[in-house]
Amino acid sequence: MAELVLPYSRRCNYFFLYDGSKVRGESDQTREGICYFYPEETPLDRQELLCGQLAGAGRCVSELSSSPVRILNLHRNRFAIRMEDDLLWALGCSVEVPTVSVCELLDQLINLFCFYNGSVRHSYQLNSQETLASRWAQYLSHLQSGSSELQHIFSCLTTIDSTNVDPLLLLKAALILQACQRCPLVLAGCIIFRGRVVSTQMSPQLTMKLMVHESGTYTKPQRPNGQSSSFGSAVSSTAVFLTPSELQYLQSTPVDKDFSSHSTPHKNTPLKKTRLSRTLSDTPSSTESEPSDPGSSQSPQKLLSPHLSESSVYSSDPSQSTPNPPPPQPPEPPLSNGKHSSVEESLEESYYHSFHSNGEGGSQIDNGGDSSAFGENSHLNGGGVDGACGEEFNFRVAEESHDNKVSEEVSGRGCGRVQGHEVERPDPPRSDAFEHPGESPLIPMTLYLHRVKGLVLALLVEPHFLSDKASMEEVYHSSLASLNGLEAHLRSVSPGVPGAPGPYIFAHFDCIQSTLTSNLSGRPGGAPERPFVRATSLLHSHFCNTETLQEAIIRSAGAAVYGTRSVAQETYFQQHGGLLRNSGIPNHQDSAFSLPGKARHRLLKHGVNLL
Amino acid sequence: MKCLLISSQSAEVLFHWTDPEFYQNVQAQYVSSQEDGHGLPAFEDSISTLFAPIIISCITMVDRLGDSYTSFTTENNHIYVLHQFDECLYIAVNGDGEEGEGDLRRKIYVMKKMIEVMFGMVTLSSNLLKRELRPQDTEQRARLWEHLQSLLETYSHLRENDQSFLVEAVERLIHPTLCEQCIEFLERRLVQQLNSSVERAGEEVLHAFILVHTKLLAFYSSRNASTLSTSDLLALIIMSQNMYPSNTDQDDPNPEDIESTSGSGPESFYTPEPSPTDMDSRSSDMPVRESTPLFEFVDPDVQMAEDSLHTLEVPPPDPSTPRRVFLEVSLKDGLFPMMPHSMYCLPLWPGITLVLLTKIPTSAVAMSVYTFLEAFAKLEKRLNEGQEGPAATRGQPTIHDIRSKLDKFIKALGASEIQSAQLQNVWTDFKNRIGRGGPGFNRELIHSCKNMKTQLCGVYRQCFLIESGTADSPRRLSPGLQERAQTMVQDKLMDWKDFLLVKSKRNITMVSYLEDFPGLIHFICVDRSTGQMIAPSLNITERNVSELGKGPLAQFIKSKVWSLVSTTRRYLQKGYSTVTLRDGDFYFCYFLWFENETGYKLEAGDIPVLPDDSAPIGMLAWDYYRKLLRYYSKNHQGEVVKCYELLTVHLGVIPTEVILQHCRQLASKLWEPSRNPLL
């Protein structure tokens, strides 16, 4: 898996974290403030030059405008900047990379770091610079490892090719996750197969964060801060940190026990939906029954010592727990049978409801597992996009009163990304999060990973899940058999012929799920695809910056590309060969203007509905 | 929140312009930091201190990394655009969302263009330009900056309100008969009479044109004149608008607009409130500030005749004194940029102006200076590229070609009142050096080249920037002659005056197109080979209502048109010559195409892909289209290639096929006025 670590083409030229508080006096050297610099082999004086100059000029501009610098362009490099107190992050890409993408990449990187390490200032107090440097490097290489430039443009989630997989398998994956959620300590989960998402219950942004850990473990078995549990090497866990909004988002899912038992609207689910849900719930049980036996028979040996694992959680890595103890959790009573069943009942109802509420065209059914979760989430969040944004806004106002760092600009810009981007914004790794009680700190959680060969079940669980023997056993056993079965099926799926190139190229980006469908070969640097990728990148930026723009056709001498977007998706289409001699003068018979029609027609068979 | 700053590499302010908000913002930063009651420092000092870290960092980055900042964006959407021309760093700032990065870059380039038009080849020597932009005498400096500030404000106002400055092409008044009559009048009567008068003091009228507001009624160039480039013409229109601002907005209830066009209104914002403490700080600050920068950068070899530095005269208020402008001249033996001309701007009535451009008798000197400058610049370039000295001097044009010419030139100068002793010395030094060779030869020779260039620019400056004509024989068309010209044209246009003023506001109107093009809301058509444009008027003032009505809707459509232009420029910059956009309830189209002289549509070719920070696409500050035409013509040798652009705004409900048919009809009809009943 070397190509995961050493990407074919470097997406980012520079990345550094600079701590201005260490360089205050006249005698302080710039190098003392450099927490991390990429590429690491850069000569120190050059590192100092870049850090010192960018930080200095950035601060000057920030003071003039009383607002932190967000983007800094040089002739040859484009830097996304994040400034918080004395910390400054800068990520430099080639100027060809659109501004939106650079900013997104930096946000992703910082958020990743905070997800696994907590607040930046804090983790630098706890860990050596070398340790954290290796983590920055890991996250950077993960983010740069996407297979194609198109994926970089959209910063999308890598999913398994759903057109190539039996939809029932996807349903099964979704059901495994839902089954895990019966344990009240499990917040949400996702299933990943060979570095690709099979099913997830989380926002794309959160899922992406899990992916880095997954791909990290995929490449090297030793995890920096994970612990092997009593279940053997198959199960591991690691501490992670959620932002309050992420947590809120997860807790507002239909599976939430507190809410679902009270929610009445589900009761009125029409009959038709019940039928649908019945077929869904029936199918997996039949496919599941066979492989589940060997799994459950294996398990007792592995169940020996949940208590040991509990102690190991707190003793082996005191740094995580002592200075930053998890908030006291109210002791939850063990599940009584009666309660359990009621929970189950409401659970199932909410599933039906989720499918119902997400009643999309037939083309979407193969993604049913995923989309149901998302559809329902946004629904409960209070009217989808608007609701989420509204919440964020209030949130931010509250922050604003503490310091003046407003991130309105970003939220205005991120229009294309719907709420996913928004949800992440307020999390910033506020270095002073722990000092200022008014600010919302990151909330420690645990990431539970269960690996079955190439398949990984990743669950976000309450920290004390690991000490709750019963819950762990329950989750482990309820999922093991199904995971084995799913793995076997997925493994047997042929990699899928990339499909004849066809007389056209398209890319379809689902903004809600953050997934990309394309018939591009995916190999970087393919000459014939260059014009398409370039146009797509330009149009994507334009869509992001202009809320009202719905569709566009742009033509250069080499290619005519059609782009269209709605709230939920962006689609780009180019027809090969159709470019006969043209003069560029307006002409309604010009082939470029027939692109919208062709796109509608051609893309139907790819499950893309532009009508 | 707008600002434009020109700074030297040592953070010395060479020019600044700020709007009231930015001014207050800067002052506020000082109020907060200076609570000990020492009063505020002079604004120029404040702004210099605030920007100094950026400026110095910029220079450091260039020196050590070979790369430098082009722009900053903050989270509250303040944009800073930086561009360095030689040793002058331009910084443009916007903090109110009214201008994008492209607009700011354009502003910087336009500022540079205006400075070139005003100072000519002096701009080629950073040392001289720095002193020119920052005269030692504070009063003189204030006057110069005020003038530049008001030019900048006039430009900004035009760019925001005038479609011809939006697309950077000249708009003609569409009235073929009257135009023809006027041109004939200018040719047969006016220019002929002026050029045969003895009162013209050696000057020769080359171009004469009549402007109605910003629109061109008639333009005449004498036979031996080269064509006036669109870039220069647009710059001249800005200057004449600055001198005699149009009162198109007088009906506007917002008085600020009028102030900003007149350029003198907001001046009160630029001077801090006088207060006792303020005066104190000034008197203590000033001498220090004045004494340091002046001699700091004076290379001993570059010392000019010091007395000449003090003699620069700011044009006195006498209206008959022409403006010295430096314009491009293309002759058979080549292109000569920044050749001195005199510009006479004669107001006929408010809003209608006659502009005369004359060639001055000594303009041959400018050509010689330019030839020499070019030769030394080329030599310097070859030396910098590492060519050995002797080989480098043999490149085209050889130094030996220059040698005799320059000797003669210096001799001739010696006979005039121009101080050329320094030039003589440096030239002698250069000649000695070039014969020597040996180690360090290249480096020394490069230094010598630089000196020669500076000295040549210095001579040029003496010849054309300082009003050398003494009081007894001012070199200009006599006031009486100017007055006669004015009266002649006034008589000619007397009956048309009111018509013209109205016509200029409703040159062509959408009404005439509605029937043939249902659903069409607006269009702009530009002929880039001639630099002319046609567009229905879009006046949005209280009294002058266009078909779009007034108020928010008209304002909305105007803002859509403006943003469409900047969007299509961005695509053009990246090589896309056709763009259609469905945006809200509108459908926008943009086409760029080439034709040959007979109207035959040429095949669309590759359009160069430019970096984000390249010069702005347009014709005013940097003629993108001229370069594009040259690039395209490479594959069309022997053919005259023309370049056209069409932008349309349609209602989104109109079917695309119909929209495209409209575009096609517009494209084919618009430039054939004789066959087009609509015009």
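The C-alpha centres of domain 2 and domain 3 of chain B lie 37 Å apart in this predicted model. The domain bounds come from an automatic or database domain assignment, which divides chain B into domain 1 (2-161), domain 2 (170-245 + 319-363 + 479-499), domain 3 (378-386 + 398-465) and domain 4 (507-674). Chain A is divided into domain 1 (14-148), domain 2 (167-218 + 233-250 + 441-492) and domain 3 (504-605). For domain 2 and domain 3 of chain A, the C-alpha centres are separated by 36 Å.

Residues are numbered from 1 along each chain as its sequence is written, and chains are lettered from A and ligands numbered from 1 in the order in which they are written. Local features need pLDDT of at least 70, side-chain atom pairs count only at pLDDT 80 or more, totals for chains, interfaces and linings use all residues, and side-chain values use heavy atoms, with hydrogens and water left out.

Helices (H or I, at least four residues) and strands (E, at least two) are DSSP runs, numbered from the N terminus; two strands pair if DSSP finds at least two bridges between them. In chain B, five strands form an open sheet with antiparallel pairing, in the order S8-S7-S11-S10-S9. Its edge strands, each pairing on one side only, are S8 (215-221) and S9 (323-331) of chain B. From one strand to the next, the twist averages 30°; axes are lines fitted to C-alpha atoms, for helices over the stretch in contact, and angles run from 0 to 180 degrees between N-to-C directions. Strand S7 (residues 204-212) of chain B is joined to S8(B) by six bridges, and the two run antiparallel. Here Leu211(B) stands opposite Leu216(B) in S8(B).

Helix H8 (residues 230-243) of chain B packs on this sheet and touches S7, S8, S9, S10 (334-349) and S11 (352-359) of chain B, where contact means heavy atoms within 4.5 Å. The direction of H8(B) makes about 165° with that of S9(B). Helix H17 (residues 479-493) of chain B also packs on the sheet, touching S7, S8, S10 and S11 of chain B, and its direction makes about 65° with that of S10(B).

The contact of H7(B) with H17(B) has nine nonpolar, two polar and two charged residues (Ala, Val, Leu, Ile, Met, Phe, Trp, Tyr, Cys and Pro count as nonpolar, Asp, Glu, Lys and Arg as charged, and the others, Gly among them, as polar).

In chain A, helix H4 (residues 99-117) and helix H6 (residues 129-144) pack at an angle of about 135°, with their axes 10 Å apart. H4(A) is therefore oblique to H6(A). By class, eleven nonpolar, three polar and one charged residues make up the contact of H4(A) with H6(A).

An open sheet of eleven strands with mixed pairing has the order S13(A)-S12(A)-S16(A)-S15(A)-S14(A)-S14(B)-S15(B)-S16(B)-S12(B)-S13(B)-S6(B). Strand S13 (515-518) of chain A and strand S6 (170-171) of chain B are the edge strands. Two bridges join S6(B) to strand S13 (residues 532-534) of chain B, and these strands run parallel.

Notes. Parallel < 35°, antiparallel > 145°, perpendicular 65-115°, else oblique.
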